[in-house]
Amino acid sequence: MAVHKSLVIHVCAPHNGIMNHTSAADIVIVGGGLAGALCALTLASVGARCIVLEKSRFEDLVTRDRRTTAINSGAVPLLQELGVWDSMVSGAGSIRRIEILSDGARCTFDDALHDLRPFGYIVDNVVWRQILRDAIDQHPLIRWVDGAGVTGLTMETTGITAVDTAGQSWRAQLLIAADGRESPVRALAGMDVHRHVYPESAMVGIVRHAQPHHETAFEIFLPTGPLALLPLKDPHVSSFVWTEPTDHVAARLQGEEDLFLKALSAQFGGYLGDMALLGRPQAWPLTRILASRYVQDRVVLLGDAAHAIHPIAGQGFNLTMRDFVALRRALQPRLNVGLPLKEGLSAYNRLRQVDARVMAEATHVLNAVFLSSGMLPVAVRRVGLTALNRLPFLKKPFVRHATGVSRLAQLGL
Ligand SMILES: Cc1cc2nc3c(=O)[nH]c(=O)nc-3n(C[C@H](O)[C@H](O)[C@H](O)COP(=O)(O)OP(=O)(O)OC[C@H]3O[C@@H](n4cnc5c(N)ncnc54)[C@H](O)[C@@H]3O)c2cc1C
């Protein structure tokens, strides 16, 4: 565990016979997932003293997530500034070519459309979590606490106190809920959500393939859902995200590994030759969640606690990175002069909701368009993809949007 640095500790009344403490900081972040960890580094970079409370042990967190994350090139400046980019990029795959395949049509994007720079990078979540944790452990303004599941909140005139399962109290000016799509803090604060449960789930895993990927990401739209193959650092290894109806997914994952691999290779159309699974695949149920507000009194929602979207375009965490930038922008001037942090969050509340709704709707519609069967939708998709492939001037704005460059530029990064 990190050494407890410049954070204040008060001794409090005993709880269940155990002497407990109240620890104080500028900001308490509940949830040590990718959002909570990176948020702590972003806010500490402008002088905020942060405590991260995570209910699970770090070793469990790392091993239970077999996903990879596609990071837009637009997010790289933030990661560079936080000092984590060099470690990340040394193990990440780069995307220099994107192949979209549907209904026999094909559309190719190559890095000539992006000044010969990668469109984005694929990072293994296991590696990413460890890099962020190491950076946090070395940061003088952040304290990470494992095994601290928050179960209660108390709002006060000058601050907010969270209480965890061990009866420990944690006080700050602001409390950031980065505790995932089912966010217990959001529920404790009584903040509403709009929820849509997709009838599909995503299977994720890693495969070794006979042919090199040449830094190509494949997105194949199948009648039962999209299948993405994403290039990792090793030219013969890619991760996959394969979405199918939830009952198919359960049956596939309970069946023999050989059968799973055969089905995956068949759906993939043999583009990269023979495949072998590296580890057991995992299923992730898919839900779209949009909180009806992101700020309430001293509670701020961020990451999946604020917005969880369909992974079809790999944009969920990229959206979250824009939350960090917007929140830092709102808090930095107040941290500089010691003003209360609670004020000045209305722009964050308003603007981040707009961005999340647009992205949630776009991914929802994209999924629906590619799932529709029937002659007309199939013909429209085929003609649309073929036309997009032949018209480079249409591809450029698409690339700017998908790489997130334009959106982060709007936030001043
Ligand atoms: C299949 C799939 C593929 C994806 N691929 C991509 C991609 O390629 N690119 C991309 O940008 N995004 C992608 N996403 C989205 C991205 O993975 C998520 O947005 C991101 O992981 C969410 O991180 P989070 O930290 O907000 O939430 P979580 O990862 O859910 O973390 C929440 C944390 O809070 C902790 N917690 C919960 N309750 C408490 C409590 N009471 N007290 C303390 N701690 C608590 C939990 O233990 C957990 O560690 C994908 C999503 C899915 C499902």
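Predicted model: local features only at pLDDT ≥ 70, side-chain atom pairs only at ≥ 80, totals over all residues.
Biologist: In which strand is the place of Phe-221?

Modeller: The strand in question covers residues 216–222. Phe-221 falls in that range, and the strand is E16.

Biologist: Leaving aside neighbours within four places in sequence, with which residues is Phe-221 in contact?

Modeller: A contact here requires C-beta atoms within 7 Å. With neighbours within four places in sequence set aside, the residues in contact with Phe-221 are Ser-102, Pro-226 and Phe-370.

Biologist: What separates the C-alpha atoms of Phe-221 and Glu-59?

Modeller: Along the chain, Phe-221 and Glu-59 are 162 residues apart. Between their C-alpha atoms the separation is 35 Å.

Biologist: Why is strand E9 largely enclosed by the rest of the structure?

Modeller: E9 spans residues 120–124. Gly-120, Ile-122 and Asp-124 point one way, Tyr-121 and Val-123 the other way, and all are buried. In a regular strand, side chains alternate between the two faces of the sheet. E9 is largely enclosed because the number of its residues that are buried is five of the five.

Biologist: Which residue in E9 is the bridge partner of Ile-71?

Modeller: Strand E5, residues 68–72, runs antiparallel to E9, with five bridges joining them. Ile-71 has as its bridge partner in E9 Tyr-121.

Biologist: Which residue in E9 is the bridge partner of Gly-93?

Modeller: Strand E6, residues 93–95, is joined to E9 by three bridges, and the two run antiparallel. For Gly-93, the bridge partner in E9 is Ile-122.

Conventions. Residues numbered from 1 in each chain as written. Buried ≥ 20, exposed ≤ 12 C-beta atoms within 10 Å, placed from the backbone. Helix = DSSP H or I, 4+ residues; strand = E, 2+ residues; numbered from the N terminus. Pairing = 2+ DSSP bridges. Contact = placed C-beta atoms within 7 Å.
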